[in-house]
Amino acid sequence: MALTSDEVRHIALLARVGMTDDEIEVMREQLSGILEHFQVLQQVDTEGVEPTAHSVETHAVLRDDEPRNSVSRDDALQNAPHRDGDYVRVRAVLD
């Protein structure tokens, strides 16, 4: 499926990407090639193949969440450059 230059310009506009005429021609060729690959994939018989998120078996390697005590307020504020009571003092962000 070959894209036209106008279609690539429209895609660039939707993506808010500025492109020169030369870049549009390069992208037209590349995007058309990608779409042709997808057309080939559409012809693959996937009847009876279950959908998967990964091509190989995966398992979580993260530890289980376990509740534990938090850092005390004084310890958390110990390295704050400027304190105002129990708060960190920062410069104003908005005028």
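Biologist: What should I know before I start?

Modeller: The model is predicted, so local features need pLDDT of at least 70 and side-chain atom pairs pLDDT 80 or more, while totals for chains, interfaces and linings use all residues. Residues are numbered from 1 along each chain as its sequence is written, and side-chain values use heavy atoms, without hydrogens and water.

Biologist: How many helices and strands does the protein chain have?

Modeller: Helices (H or I, at least four residues) and strands (E, at least two) are DSSP runs, numbered from the N terminus. Here there are 3 helices and 2 strands. Their order from the N terminus is α-α-α-β-β.

Biologist: What share of the residues is buried?

Modeller: Buried means under 20% relative accessible area, exposed over 50%, and partly exposed in between (1.4 Å probe, protein chains only). Of the 95 residues, 7% are buried.

Biologist: How do I read a salt bridge?

Modeller: Side chains of opposite charge can pair when their charged atoms come close. The test is a side-chain nitrogen of Lys or Arg within 4 Å of a carboxyl oxygen of Asp or Glu. This structure holds 6 salt bridges.

Biologist: Which residue pairs with arginine 9?

Modeller: Aspartate 6 does, with the closest N and O atoms 3.5 Å apart. Both lie in helix α1 (residues 5-14), 3 residues apart, about one turn of the helix. Arginine 9 is partly exposed at 35%; aspartate 6 is exposed at 59%. A salt-bridge network links Asp6, Arg9 and Asp21.

Biologist: Which residue meets arginine 83?

Modeller: Aspartate 74, at 3.9 Å from N to O. Arginine 83 is partly exposed at 39%, and aspartate 74 is exposed at 53%.
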